[in-house]
Amino acid sequence: MVNIPEVKLGIVAVSRDCFPMSLSEGRRKAIVKEYSEKYGALYECPIGIENELDMLKAIEDINKAEVNALVVFLGNFGPETPETLLAKHFDGPVMYVSAAEGDGDMINGRGDAYCGMLNCSYNLGLRHLKGYIPEYPVGTAAEIADMMNEFVPIARAIIGVSNLKIITFGPRPQDFFACNAPIQGLYELGVEIEENSELDLLVSYQEHENDPRIPEVCADMAKEMGEGSYYPDLSVRMAQFELTLLDWAENHKGSKKYVAFADKCWPAFPSQFGFEPCYVNSRLVSRGIPVSCEVDIYGALSEYIGMCVSGDTVTLLDINNSVPKYIYDEDIKGKYDYDITDTFMGFHCGNTPECKMCASRAVKYQLIQHRLLEPEGSDPDFTRGTLEGDIAASDITFYRLQCDSDGNLRSYIAEGEILDVPTRSFGGIGIFAIPEMGRFYRHVLIQKRYPHHGAVAFGHYGKALFEVLKYLGIQDIAYNQPASLPYPTENPFK
């Protein structure tokens, strides 16, 4: 993953002046010891903070150490002003935790950080400052070390989003207005956007003809796919396109550090470029650069957040079709604890990374585009270039961050799995199962007017994603509620 941040975590201790500084310092050192032994490097700021001047010295020290994610530790009650001003002066995500009692006597060794956390949160609110506070932010050194480890992927996503530029090519395709959304929400998150035409991309692609790096990329494609699983005559064109996107990303970052793409991939693309871009898109997301289909800007953003949280590649799929009853009866019923309405097929033409697909995956042609764009009865030509096959069985998190038509940011998260069941279909496709998916489909996806694209992380990352979205200020974070918890729009009369 070359396109996501590396988190350098630091910890600073605060102390209310009516408590001994040694209490916070000793407890801080115990946390550092626990974290370092279990999880690795951690910067320990040596400056204990009792007042605003201490806070400024600590910020200078932390910045010099190149810390980009900070843990503020209340070893005792803590001073409300300097501990919250840390979040204002530190340029990065900040986590607040506090010490549990039990490592000293209850006269001179009691710190009252349980109480101090309340005032800390209150003051963050007064100043309209953001801070990540875990579900139960009070703990022993070992418990706080574990909380800090859970903070790392959250911090990585916050840092990544604040340093992200999304580059688009082409307007959204006709009849796919579901992928269209106001860009104002991006600016509210600190995400930059650069919108270009398909003609800009075509010109740059043509300028990369005979690029001396093409043979090396072709060789890598052949090694990745294996004999008989790709079109050798297509490799030069696809390699040329891959280099075009990589160079554009590098040359157009501007003031940002990280890049994602949202590209128009049909109907003009295949005939003018000579191939479908799906396989190239899958290769870029494998190295941490999402390339969403159909100029889905918030799909690209969602993918990028998922990569930061999981530290792994992701994909973007259509919430596409129901599972036929005969497949459910033959391969799911009695083998998996899901009703048929809990299942659906996630599909896209071929943008899912090959490492997440079954061994039978191969570069093929886009059946729908071939039907539409090439002469009837002809062999596929420029509609080749999709990466097709069943997606391998895995735990998954299906999620999306979206800006609605009124300019409000909202999101959903649902954990489930891809079943080890053949799809009997085409494209990059898998059979997904999410508990209570039928109700979630109706009362979240339809009711709240989400588009058909959903991002997929390969593992259960709902907890971290939920905290990232909270930190970003998303008010509406929906999930697949259990049957015992009705949705507001769910009819109680059944």
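Helices (H or I, at least four residues) and strands (E, at least two) are DSSP runs, numbered from the N terminus. The model is predicted: local features need pLDDT of at least 70, and side-chain atom pairs count only at pLDDT 80 or more, while totals for chains, interfaces and linings use all residues. Residues are numbered from 1 along each chain as its sequence is written, and side-chain values use heavy atoms, leaving out hydrogens and water.

Now step back to the sheet itself. Its 5 strands form an open sheet in the order β2-β1-β3-β4-β5, with parallel pairing. Because β2 (43-44) and β5 (138-139) are edge strands with a single partner each, one side of each has no neighbour in the sheet.

Next come the helices that meet this sheet. Helix α4 lies across β3 (69-74), β4 and β5, at about 155 degrees to β4. Helix α5 (residues 141-162) packs on the sheet too, touching β1 (9-14), β3, β4 and β5, and its direction makes about 170 degrees with that of β4. Contact here means heavy atoms within 4.5 Å; axes are lines fitted to C-alpha atoms, for helices over the stretch in contact, and angles run from 0 to 180 degrees between N-to-C directions.

Finally, α4 (residues 113-126) also packs with α3 (residues 80-89), at an angle of about 55 degrees and with axes 9 Å apart. The contact involves E80, E83, T84 and A87 of α3, together with G116, N119, C120, N123 and L124 of α4.

Note on methods. Pairing = 2+ DSSP bridges.
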